[in-house]
Each structure stands twice: as C-alpha cells, then as structure tokens.
Protein chains: 2
Amino acid sequence: MSQEQQEQPIVNEVERVAERLGDVVLGEDGKPLSKKALKKLEKEREKERKRKEREAKEEAERLAEIANDFAKNNYGDFAPDGRGKTIKDAGFTTTKWTTVKDLNSSLEGQTVRIYARLQDARATGSSMCFMVLREGTVTVQALVVANDETVSKVMVKFVKNIATESILAIEGKVVKPSEPVKSCSIHDVELHAEKVFVVSRAGPLAFSLEDATRSSAEIEAGGFNKVNLDTRLDNRVIDLRTVTNNAIFRVQSAVCQLFREFLLERNFTEIHSPKLIESASEGGSNVFEVTYFKRKAYLAQSPQLYKQMCIASDFGRVFEIGPVFRAEDSNTHRHLTEFVGLDLEMAFQNDYHEVMYMIYDLFIYIFKNLEQRWAHELQTIRRQYPSEPIRYKEERVVLTFPEAIKFLRDSGVEIDDFEDLSTENERLLGKLVAETRGVDFYMLDKFPSAIRPFYTMPDPEDPRYSNSYDFFIRNEEIMSGAQRIHDADLLTKCIKEKGVNPKDLEHYIDAFRYGCPPHAGGGVGLERVVMLYLGLGNIRRVSLFPRDPKRLFP
Amino acid sequence: MSQEQQEQPIVNEVERVAERLGDVVLGEDGKPLSKKALKKLEKEREKERKRKEREAKEEAERLAEIANDFAKNNYGDFAPDGRGKTIKDAGFTTTKWTTVKDLNSSLEGQTVRIYARLQDARATGSSMCFMVLREGTVTVQALVVANDETVSKVMVKFVKNIATESILAIEGKVVKPSEPVKSCSIHDVELHAEKVFVVSRAGPLAFSLEDATRSSAEIEAGGFNKVNLDTRLDNRVIDLRTVTNNAIFRVQSAVCQLFREFLLERNFTEIHSPKLIESASEGGSNVFEVTYFKRKAYLAQSPQLYKQMCIASDFGRVFEIGPVFRAEDSNTHRHLTEFVGLDLEMAFQNDYHEVMYMIYDLFIYIFKNLEQRWAHELQTIRRQYPSEPIRYKEERVVLTFPEAIKFLRDSGVEIDDFEDLSTENERLLGKLVAETRGVDFYMLDKFPSAIRPFYTMPDPEDPRYSNSYDFFIRNEEIMSGAQRIHDADLLTKCIKEKGVNPKDLEHYIDAFRYGCPPHAGGGVGLERVVMLYLGLGNIRRVSLFPRDPKRLFP
C-alpha cells in the first residue's frame, strides 16, 4: 500500500500550520496560539519527525535487502517519469503481450507477458504468494514461489505487500493446476510468475471490489457489507471497475451501436443539433439557464425542433444521440437532470404507422442482438442483478388507447375515455398485456389529443384522438412519439387551443412556412431503456457519472 | 404562392391598431391619434377591406372553375387535418411510392407515384407547364399537358401557380424525352403527370435555391446574386435544402460513422460523459456558467477527465462523440462556442506511439472510405466548392518537433528550440512537408513540455520534450493528443511546475490514486475535420445550426 499517498494529508496539515510559525505563532483562525496549543503542535511535529525517521529506516533496510537479492532484476516499480525502472529494464524475455482472457490450456508450458490488476494477494509462509489477477471481467490465478534461480523470498515479500487494485506487468509460465481454480473465471490454467513489476500503485479504497460485486441474495445469505449507491457514486472510479459495471456500460454502448446500425442501414443521417438555445421554447420552468457572454441562453430539453427543421430541409430521415437537459427537481429512481437522448425523425409516405412500426422493429433488433452478441455481458450483469430476459414478439403487439381503456375497465378500473394513464394504470395495463399476449414489450397508439403536446397531429378522422404513440417495457413507458404537425396554420391553431400565445413559438412555427413533408418520430432515454431492459431499478446505475438535483460530482 | 401567409403580417398590424379603436383612438405609442393619422388609418382599413373582397371574389371564381372542371379529381391540396382532400381522395391508381432517384429508362411506359419538391414551374401557353422536381440531391423534369381526358387547362393553371419549394404528390407516366434533359440530374426520362396534389405549400423564400447552390466562379461569370453566409444561416431551413448542404451533412454523418466503425472494430467502448460539471477545472475564463437549482454548474470544455476516469476504471479503450462548449469570444472562421468533439482514450502496452499510430490509421480509414463510399456526395460538394482530394500515404508520415524546427530553420525561419509554432510557421511547415513528402496529412511528435497542458507526460529520456502529438490536414492542426500522466505524484509535481495550485485540481488528481494504466488519447472537432477535408473555408458551413459569440439562433 502506498504509505506516502495515504499519509500525505497529515503531513500537509502540519506543514501548513508550521509555515506560519515565526516570532508569533498563529493558529488556523489567524490568532496567536495559546501555550497549550503550541505545546500540542510541537508534540505533533515531534511525532511526525519520528514517524518519518522510522519509515526512512525501514525503507533503507528494504532497499538494502533488495540490493543484495539475487532476484532483484525480476521485480520492482516502473517509474512513469524515468527516475526508476522502465519497461526496458524489466528484461522481459517475450516481446508480445497476451491478454488475460486469452490464457488457456493451449498455451501450457509457454512463457507469457500480461498486464493485470492485482485483485487479491495472499502469502502462504515466506516462500509462496497466491495472486488473483483481473483484466476487465476476467480473472486468473497466479503464484510466486521462491526458488534458487529466479524468485527469492525477498521477491515474495515484495509481491505480498503490493496493494490490492495496483496494476502489474507480469511474465510467467502457463501451468495446468492440479485441480481447477474455482475462485477465478479461468479454471483450467494458472500463471507461475517469474517477473512481477508494479506499473501503477493503488492507494486505500473506499470499499472492496468483492463487496461491490455481490448480489443482494449473497449479501443477505453471507451477512456481507452492502456498499450503498451514494458511496459507489462518490467513488465511481473504483465502482465502475466491478465486472458488473464494466458489463453494464458495454451493454449501454451496444444499445447505441445497434440503434445506429438499424437506422444507418435504412438511410438515416446522423445529426448534431445545438444544446445552447436562444429561448426556453417548451415552457421555461424546466430549463437550465446559461450565461452566454452578455446575455442568457438555455440548455436544450430535446432536439425536437431541430430534428423537424432537418425534415423541413429535406434530410428525409435523421437521428441524434446526445445529451438532454431537464431542470426538474425530481429525486426519483428514474429521473436525471442530464441524460442521453436517442432521437429520430422521419418523413413518411402514406401514414405515420410506417414510422411507429419501424420503431417497433428497431427495438426488436436491439433486443435480439443484445441477447446474441452481448450474451457474456448480460450473463455477468444478471449474476449480480438477477432479471429475466424481456419477452417480445416480432409480430407487432399494439393496443389503441380506446382498447386500453376498455381493458382497464374490464378489470374494474374506473377511468374516463380521455383520461391520461396514471403510473398505476400503466402498470396494470402492462400486466394485462403480459398475461394475455405473453410479452413485456408493446405499443400504445392513438392517445387523446388533450393529453399530448401542441405539436402532435390530431387524427384527421377523429380529432379528439391524435396520431401519437408510446412504447412500454416491463410496464414502464420508454419511448414517446407522434406524427408532428407540418402545417404552419394548423400548428398555430393547435397552439392557441392549448392556451399558448403563438407569438412565443413564432420561430418554431416559421420552420414550417416553406413546405414540409408529413413526418413522425420519437425520443427515448438511453439510461431508461438500459435500466428497464436489465431490470436495474435505479437509473443512476446506468449513467456513467449521474447528474441529479443533488449530484454534480464526480 | 400562399398569399395568405405572405400578407398575414400586414393584416395583423391593422387589426392590432384597430383593436384599440374606441371612443378615443390610441396610436402605437399609447397616445390618442391625430386627425391626420386617423384618416390614414381609415384609408388603410378601407384598402385592406377592398383587397380582401377582391381576393374572396377571385377565390370564389377559382373554386367555381374547379367545381366545373372535368379533371377536378386529379389535383388539389391535401389538408393535414381532415378538412380537405386526403391521400385517399387522390385516387392514386398505383399503390407503391417510387423515389425520384429510382426513375430511369427501365420504368418507361409505367405509371409511378412520387413525392417531390417543386423546384421550378414554367408554363408554355395555357395548355402546358414544365416542372423541375427535386428529392434530396436528385432532380427530374415533369410535364402537365392539357388533354380531353385527365388533364384540363384549369389543372395546368393550378400547377403553374404552385409556389416554388412546395411539396407535391404526383402520379404520372415515365416517358423517354425526345432529347436528353440537360437542366436536371436525371437526363434520360421525364414524367408526364396525370395527378398533382400539393402536400405542403411553401411561402415566400428569403433566397432562391438556385442562387444558393452556385459556385463562386459561376456567380462571377454570370453576375448572379451572391447569398451571404449570414442570410443563409438566418434562413437555415431553406439553406440546408441545397444539394450541396444536403451532401455536406451526409459527409459529416459519415465521418462519425467511420470514426465509430474503426474504433468499435478495435474493441473500444462508447461512453457518454456529463456536460454539466461542478467546477471549472481547466481555468475558469472560457467556461459557460449554468444556474443549477440553487448553485452554479459549468459546461464541460472537454470530456478529458471523464475519459481518463474510464481508463482508471478498466474500460481499456473508450471514445465519445458529443458536444463541447467553449466560452471564447473568438469571431474567426474556425471557432465555434459549441462544437462536436470526437474523443478517444486508450490504455497502451509498450509505448504511446501505439495510440498515435492507431489514430493515424483511423484518419486514413476515414479518408479512404469517404472517397469510396461517399463519392457522390463529395462530387456534389466539389461542384459548388471546388477542392482537391487530400493527399495521404498509408505509410505513416511523422515529424518530430526538433526535426520540424530544423526544417523551418533550413527554410530561413528564426525560431527557438522550444518555441511554439505560430499559425504562420504551421502553414510553412505543412507546405514543406507537402513539397518533400507529397502529402497533406501528417503527424508532429514530441512537443516541448513547456507548451503543452499540465497533464501531458514528459518524455522519460528528455523531460524538456513530452509524449505528445498533433495531426495536420492541409497545414492546419486538426487533432491534439498525448500520453497523459497516470501517476498522482508526478501529476501533482507537474501541476506545481505550471504554477497551478494542486488543491484546485484535487478531484482530477484523486482519480489516479487507485492504480491507473498508462494511456494516451486525443480529441478532434468534427466540424474542423469536415471543413479542412472539404476545404470549405468557414466552420459555420459544416455546423448544422452554428453557435458563435454573436449567433444563438436558429
């Protein structure tokens, strides 16, 4: 463990006070110190001096021991700035690096060279030390055993004292163990280390990776420490190292990749709309204000208008993956003040269902490919956070709003024809769909116009309803979309009907004065999709560095 | 042309003043109107009333003419809200839509159905009207010719009066013209329209698309109107419709796609780091301030720290495509206050050149694939903005900083060994490299430590230089990168050497206290790459909705 790093704050503290010692000794408050305080300070300085002396002596002894060691060239610390050993000094006998995941019985007897984290080191007497080495989501066992040629007892001691989570460069022989190594993800081989160098030393950790990787069931059964979410997030650099988190963010990356694969294949163009906007277009209260040179700007709550402008500019089909900002003071499991929006917009030919059905197929594409191409990651995540794969049908499962109301009424719910669905009713509806259709994923079509935003196209045949839809996963809404009004006059009329002054939305309306094709689209929060897909229960788990009303750090 | 939309402002103006007419007539300034002003107002109202009467009469005549027309079911306006004709009323005889780009001689004699913009309509007498129809970057000629069965003279008049840039749904026969149509991008077929419906009417435009699509040479030779950049940007919805702009943003989308293709193939994970940050880490002056509930937040100037935290969290290789904010009051051709950053960071094994060379190969991959897979778009752009393809070699072209200094000195430049390169010297160097090596793309390695940021790793063998690099296209820097210091103690030392208090960067330093592999990376502005690659001269041309100190709209 790096003593220097751990103790640094105390040394600084003493030095800071000591700096102010002169003819008059001043305390932290700027006033002269009392005699008692002065005495205490001197005592602390004396203690500190002695500690340093002791440490220097120990270090000198350690260095002397190493200097006389026959194995001294086979271990040590790499110094990043040239003042110590470099990778050249290590004298590795092989030139190619292997990755931990590639270690297998086909390499038996060969000498390999790897980089890995030290997850655990345990000595058995003074001649042998076991290590668990980790790279990403894979672990392997390694041994250092003292002999007369390459490994000394001094080297074993050196290895034993390396702090957990330090990064090592190791050369060793691939050996078949006498019995399978159960404690590591690689069972059939272990590494007999002949060279061990520390690439980067770890200081003390706020929690152990073992504790952070246990499932609730394991914690309960074994009476283990639970690492709470805030502690994890405060120490996110450590928390993100768990195999589970490593896998979660690989899945998050995969969702973006699949979203784009599907859309680029269908001739969509990727756009990047501005996040700094001139006016708080969609009702000012949930918008963050920015000081923009000598005036104000706002952070975009959605790329909606810009996507639509691209449609009016003949881009035909566009998508965007980018940050979305919501100044909502909501402290729930599913709200963030900054999240990643996956947005798309598309001109259609006959009917907005072309777009709605394409979005359905897009989700199916994502689900299917995740299960196939990211099976290892899903398995890793489900070990710590058990969940069933979501059930879906390629044949589209869709309910209209009136059908949903009837469904709920038949189950005894009192609800008006045009009433919005409460979270409770959404859940019940999801359960009813799951029971009758056997799926956790479906679409709800034709929401009442009154409960959708002003830009939603009314149904031409019954304007009490609109050409709009929501998508649900495991009874929670994950995507909202609609045909948008592409006609400036109709848009003005609908804005007035919602009690808004068209003057306030002039720029928005103007975009549709130069001819615009009929179009529809939708938007979805990346974190929400991943959370619901994996059944993770809290959106902060799927945001790399989450932002909420109380958290802006790290 | 939609008269209603064009005249709306005047009507509003009169009505607004009229609303205030009562016992006392008040003017715009809130004071009673003078007799003279009153008379003027009444005259205006009278004029307005007459105009409305005349228009109503004309409209009634027009409707009567249509009501009696034998072809009346073959044209008209689609109403978006069900109060007029719908797509069903159009009675299209074919059910499938074709795209304009798919019209070719193999379809000769067939009836097709398309959506397209009316780029131009010109009548020849009362019996025939020529149209130029556009979809994306493709144009085709269409005709309506009066006959006794499907097309009447009333219909020809209807078509003639449709405003340019309106969107039409057309059914017609594919016909081989007597001679190739030179004025359209499709030469070998034209369309004989039998049904013409207006899907969305365009109002008056700030400039014509023809004017906006001419090259400088054409403007000069023909004495045409030049549409200046500000006018374009103020009317971006129209400006983005030009075939050139359409192609520019397809190329921009392609650069992102290729960047990701290359990196995902090499096992990178895509990340999304927060844009709202707690403290203005890299020197406060260029950071936008945000009101975050009851405190302050800042907009991230780069994802640097977060990329590095992911490396410290064992992600191994990460990239991000996202907005970057710079509160710099720079009004130049190459600065934006918000741009799209393409960032990557990667743990390496032996040496940072692994990363630097991979970035070189990444650019080559982008250049090569653009020329191959987006050749049509490049050709379209180069028609309006002529430029040569950039010259590059797959064999890596790299210069060290000392070599660059020598190169410049040999050309008569007086420059110190450790002096930063001025823009002028960068240009000269680029020219020298182009002359001697025949390329417009190269790397410059080993910049002096003194002119690079605090987190740059010094060269272990000569700390006056650093493990850092820049990439150049056409003599301008497009990417800056380096090995980063992964050791907390060395980082603290280097921060002090730059005269910064390590306390101010505590959180940054802390990320490296738990073991971090050696790593390097870089960042590049998407708009700058596309601008230099296409030789476009102004970065605003490659930003969808550019933001600079003076522009926040649209």
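Trainee: In β9(B), what is the bridge partner of V290(A)?
Mentor: In this predicted model, V290(A) has V290(B) in β9(B) as its bridge partner. The two strands concerned are β9 (residues 289-292) of chain A and β9 (residues 289-292) of chain B, which pair in the antiparallel sense over 3 bridges.

Trainee: And how many residues of chain B are in contact with chain A?
Mentor: On the chain B side 103 residues are in contact, and they meet 103 residues of chain A. The area buried between chain B and chain A is about 8,900 Å², with carbon and sulfur atoms giving 57% of that area.

Trainee: How many salt bridges does the rule find across that interface?
Mentor: Across the interface of chain B and chain A there are 6 salt bridges. One of them joins R134(B) to D314(A), where the closest N and O atoms are 3.1 Å apart. For polar contacts, the count between chain B and chain A is 54 residue pairs, both residues being at pLDDT 80 or more.

Trainee: Which helix gives the most to the side of chain B that touches chain A?
Mentor: That is helix α8 (residues 243-265) of chain B, which contributes 9 residues to the side touching chain A. Taken by residue class, that side of chain B divides into 51 nonpolar, 20 polar and 32 charged residues.

Trainee: Let me pick one residue, S313(A). Where is it found?
Mentor: S313(A) is in the loop between α9 (304-312) and β11 (317-325) of chain A.

Trainee: Buried or exposed? And what is S313(A) in contact with, leaving aside its neighbours within four places in sequence?
Mentor: S313(A) counts as buried because its relative accessibility is 0%. Once the neighbours within four places in sequence are left aside, S313(A) is in contact with R236(B), V237(B), L240(B), R241(B) and N246(B).

Trainee: Back to salt bridges. How many does the structure hold over all chains?
Mentor: Over all chains the structure holds 84 salt bridges. Within chain A, for instance, E165(A) forms one with R134(A), their closest N and O atoms being 2.8 Å apart. E165(A) lies in the loop between α3 (153-160) and β5 (167-175) of chain A, whereas R134(A) lies in strand β3 (residues 128-135) of chain A, so the pair ties together parts that are 31 residues apart in sequence. Both E165(A) and R134(A) are buried.

Trainee: Which residues are linked with E165(A) and R134(A) in a network of salt bridges?
Mentor: The network links R117(A), R134(A), E165(A), R241(A) and D314(B).

Trainee: What about E476(B), which residue does that form a salt bridge with?
Mentor: E476(B) forms a salt bridge with R334(B), and the closest N and O atoms are 2.5 Å apart. Because E476(B) lies in strand β16 (residues 476-484) of chain B and R334(B) in the loop between β11 (317-325) and β12 (338-347) of chain B, the pair ties together parts that are 142 residues apart in sequence. E476(B) is buried, with a relative accessible area of 8%.

Trainee: Then R382(B) and E371(B): how many Å apart are the closest N and O atoms?
Mentor: In that salt bridge the closest N and O atoms of R382(B) and E371(B) are 3.4 Å apart. R382(B) counts as buried at 16% relative accessibility, whereas E371(B), with a relative accessible area of 26%, is partly exposed.

Trainee: Changing topic, what is the order of the open sheet in chain B?
Mentor: The open sheet of 8 strands in chain B runs β7-β11-β12-β17-β16-β15-β14-β13, with mixed pairing. β7 (269-270) and β13 (398-400) of chain B stand at the edges with a single partner strand each, so one side of each is left without a neighbour in the sheet. β13(B) is joined to strand β14 (residues 441-445) of chain B by 3 bridges, and the two run parallel. In that pairing T400(B) stands opposite D445(B) in β14(B).

Trainee: And in chain A, why is β14 largely enclosed?
Mentor: Strand β14 (residues 441-445) of chain A has 5 of its 5 residues buried, so it is largely enclosed by the rest of the structure. Both faces of β14(A) are covered, with F441(A), M443(A) and D445(A) buried on one side and Y442(A) and L444(A) buried on the other.

Trainee: Which strands does β14(A) pair with?
Mentor: Strand β13 (residues 398-400) of chain A pairs with β14(A) in the parallel sense over 3 bridges, and strand β15 (residues 468-473) of chain A pairs with β14(A) in the antiparallel sense over 5 bridges. L444(A) is the bridge partner of L399(A), and L444(A) also stands opposite D470(A) in β15(A).

Terms used. Residues are numbered from 1 along each chain as its sequence is written. Chains are lettered from A and ligands numbered from 1 in the order in which they are written. This is a predicted model: local features need pLDDT of at least 70, side-chain atom pairs count only at pLDDT 80 or more; totals for chains, interfaces and linings use all residues. Side-chain values use heavy atoms; hydrogens and water are left out. Contact means heavy atoms within 4.5 Å. Buried area is the accessible area (1.4 Å probe) that two parts lose on being put together, summed over both. A salt bridge is a side-chain nitrogen of Lys or Arg within 4 Å of a carboxyl oxygen of Asp or Glu. A polar contact is a pair of N or O atoms within 3.5 Å; within protein, one must be able to donate a hydrogen and the other to accept it, and residues adjacent in sequence count only if both atoms are side-chain atoms. Helices (H or I, at least four residues) and strands (E, at least two) are DSSP runs, numbered from the N terminus. Ala, Val, Leu, Ile, Met, Phe, Trp, Tyr, Cys and Pro count as nonpolar, Asp, Glu, Lys and Arg as charged, and the others, Gly among them, as polar. Two strands pair if DSSP finds at least two bridges between them. Buried means under 20% relative accessible area, exposed over 50%, partly exposed in between (1.4 Å probe, protein chains only).
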